[in-house]
Amino acid sequence: MRRAAFAVAAGAMAVSLAACGSAKESSGGSSKSSGSSKKGDAITVGLLLPENQTARYEKFDRPLIEKKVAELTNNKGKVVYANAKQDASQQNQQVDTMITNKVDVLIVDAVDAAAIKNSVQKAKDAGIPVVAYDRLAQGPIDAYTSFDNETVGKTQGEALLKALGSKAKSGKIVMMNGSSTDPNAAQFKKGAHEVLDGKVNIGKEYDTKEWKPENANSNMEGAISALGKKNIVGVYSANDGMAGGIITALKAAGISNIPVTGQDAELAGVQRIVAGEQYMSVYKPYAPEAAAAAEMAVDLAQGKSLDSVAKDKVDSPTTKGVPSVLVPVTALTKDNIKDTVIKDGVYTVSDICTSQYKAACDKIGLK
């Protein structure tokens, strides 16, 4: 990945992104968007999200994108939404439907970055620009926004090392990576390995099918059986949902007080951090990501340039120099819950500190 310097406030719940146009596919230069005729505010944005098991998509991404599109189009633009429910074939069919319905632009968070390639090409051929959202889809995409995914993995690895301290090589860690069909998962894994390799003993490592907590739970049970419960000192989990499944397996085996990482700052993950069951998560502020996707989509639909929005360039396996916005991340622990998810309005204290967690919240001063 090639990255240019840029700055986005990690705590901001809104991003002001002035923009004016699209990017020339495969070159990194600017040109007209796929939609050659300029449009006004009455545009239709197709939004395709990958699944509804991870809380973020329905709770944050969808409403944030819808709100930003409305704001940018004086409430004249509309968002047509579909969720693939982790089915790549269904998502391809949803792209076909969006093309048939002649949307002006697509925002796509791919279930499978490679499987979506032909559908992205179909949209391009139909004159519909495509913004890859959160995951770097293959095919002739016009723009991309996500987080610096290798940095996410490094942040998780650094946090795990900090938690392990002098015990880092006293036993084995288990690495629970994400789905092999998600290019982000490979980048998280790469970043984590850059930090952890040589500093810990990796006993077992898994690529977890479909990111599902139940699959992570099954993998963790296998790791415990193979390594022995007394030999496991920590777990690298690529996200919070899998961390939940991992922690269930650890509890069932009588294993406690070992650090487990996560990502996404899901409410259940934050509550586990408060309770001391999960060591950390990676807080990724969804509002800047959603705002960037919405702004690029609106500008592409209106035939404008993206030069003032997308300050970065990213290469996918099929497209070079994709105009991109990469948003920074923060390691979330019990020490900075107030300064991150609460300060940004993602959750309130009452959301986190339900009766089950009140005592734990009181203990860390979360009131």
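Which residue stands opposite P323 in β13? I started there, keeping in mind that this is a predicted model.

**Entry 1: β13 and its partners**

K313 turned out to be the residue facing P323 of β13. I then looked for another partner and found strand β7, residues 143-147, paired with β13 in the parallel sense over 4 bridges. On that side I noted F147 opposite V327 of β13.

**Entry 2: the β9-β8-β10 sheet**

I moved on to an open sheet of 3 strands, in the order β9-β8-β10, with parallel pairing. β9 (202-207) and β10 (232-237) are the edge strands; each has a single partner, so one side of each has no neighbour in the sheet. From one strand to the next I get an average twist of 10 degrees.

For β8 (residues 172-177) and β9, I counted 5 bridges in a parallel run. M176 sits opposite Y206 of β9 there. I also noted helix α7, residues 240-252, which packs on this sheet and touches β8 and β10. The direction of α7 makes about 160 degrees with that of β10.

**Entry 3: the largest pocket**

The largest pocket comes out at about 320 Å³. I listed 13 lining residues, with A163, P259, Q278, Y279 and K334 nearest the centre. Helix α4 (residues 149-164) gives the most to this lining, at 3 residues. Sorted by class, the pocket lining has 6 nonpolar, 4 polar and 3 charged residues.

**Entry 4: the cavity**

How many cavities of 30 Å³ or more are there? I found 1. The largest cavity has a volume of about 130 Å³. It is lined by 14 residues, and Y57, R135, W211, N239 and D264 are the closest to its centre. I checked which elements give two or more residues to the lining of this cavity, and they are α1 (55-72) and α5 (183-196). By class, I have 7 charged, 4 polar and 3 nonpolar residues in the cavity lining.

Methods:
Residues numbered from 1 in each chain as written. Predicted model: local features only at pLDDT ≥ 70, side-chain atom pairs only at ≥ 80, totals over all residues. Heavy atoms only, no water. 1 Å grid on protein atoms, 1.4 Å probe; cavity = no way out; pocket = protein on both sides within 12 Å on 5 of 7 lines; lining within 4 Å. Points joined across faces, edges and corners; volume = space filled by probe spheres on them. Nonpolar A, V, L, I, M, F, W, Y, C, P; charged D, E, K, R; others polar. Pairing = 2+ DSSP bridges. Axes fitted to C-alpha atoms, helices over the stretch in contact; angles between N-to-C directions. Contact = heavy atoms within 4.5 Å.
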